[in-house]
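Have the sequence and the 3D view side by side as you read.

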Amino acid sequence: MAARVRWRLLPLLVVVSGLLAGSAAHAILAGDLLVTDRTNGRVLAVRPGTGAVWVISPRAGGADLLVEPAGIVMTDFGVIVVVDEATSQLVAIDPATGDQSVVQETGGSAPLAVGSAPFGLALRQTEGAYEMWISARGSNEIRHVIGLEGFGIASATLSADARWSDARGVAVAGDQLLVAVGDGQGYWKVNLATGAISDPLLEYDSMFPELPPIDHSPGVPAWDVEPYQYEVKVNVFDAVTFHTVLSLQKRAEPFFLTCDAAGTRITAYGTLYKPFDPIDPKSFAKDTVEVADGTPLHCPTALATGLDGLLYVLDTSFPFGGDPAIVRVAPGSGTDPIVVASLSSFTIQPMGLAVAPISIPEPSAGTGAIALGVLLLLARRSRSLRSR
């Protein structure tokens, strides 16, 4: 039944596509990067392939609800969501028109509660539902937002703890929320079901558990954290040939950003799985990998995994000077970081970074806005039918 319905919708989708043809050159494409401009209260788009930068919202004549935008995400049904640290509001943005609106509680009686001075924002979506997690520095809490199609939206506190006064960027990794903090810890893990907090940067000796753990916290402010999968070449001991050979190993570790006067770092800390090497007693030990050592970075504030599988870094000019920029890194490849776009003409202090999961054409004059609305409605209806 669902397949037949989708075929029936196909002619209408073709008509809609025709109405959207010839849209503006600055339509959002899947893989574009979305940036919050904290200084000027804007959202920018960056095309990593060309370095083009343009303003998504607000646009001339449109309402501007952004004062100090921070964390940003984009849903797979085409809505950009931003937390504003100054207004303590969750703002939804139509990427096609730039229109902004404050996300309301179910019933529209008041703005959705997101805590005081929200900063980090993470998103996870399933069929017919979405969840967001927000680090609220002013109210020392992690908020959990749940939205269900047809049932509305709700917000509750997942974790309340004094350490969240230093919380910054957040990211979802399996059943844990990773929370970057600016007090020298690096980041914490929060269980998504229970709110329990754990330290991922302590290394315990499995053979001698009575020994005190080794603390791998960076000791300087960390701005963001991002779960990332990549491959790295390592020398491992081959137990068959009794020689050390070059091996390609897969890693899936959180990278986190640090920033201080001594230099900036993009660092991953975790276990590199490899065969035991009797010559190297640390074969099973955890290690720290730094994929960028401050060049060309000045003080990075956000991380995101691009649709191309590479890691993108948002770099600000505060407080150590230099031009704000988007930098691309390829962990494990040995390739130096590359500046893919300069933000010097658009922003002074970029703060949040997200990746567009889908393409959103800008509406043409007259019929374009109507066509885009129809397209989004059909997308929602199609997902609902597939779930039956």
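A residue is called buried when its relative accessible area is under 20%, exposed when over 50%, and partly exposed in between, using a 1.4 Å probe and protein chains only.

## About the model

This is a predicted model, in which local features need pLDDT of at least 70 and side-chain atom pairs count only at pLDDT 80 or more, while totals for chains, interfaces and linings use all residues. Residues are numbered from 1 along each chain as its sequence is written, and side-chain values use heavy atoms, with hydrogens and water left out.

## Overall build

Of the chain's 388 residues, 47% are buried. DSSP runs give two helices and 26 strands, counting helices (H or I) from at least four residues and strands (E) from at least two, numbered from the N terminus.

The accessible surface is about 17,500 Å², with 57% belonging to carbon and sulfur atoms; areas come from the Shrake-Rupley method with a 1.4 Å probe, and for residues only the protein chains shown count as cover.

## Where to be careful

The predictor's confidence in each residue, pLDDT, runs from 0 to 100. Its mean over the chain is 79, and 72% of residues reach 70 or more. Over residues 1-24 the pLDDT is below 50, and over residues 365-388 it stays under 50. Where pLDDT is low, the predicted coordinates should not be read in detail.

## An exposed phenylalanine

Where does F151 sit? It is in the loop between β10 (141-148) and β11 (152-160). F151 counts as exposed because its relative accessibility is 68%.

Key
Contact means heavy atoms within 4.5 Å.
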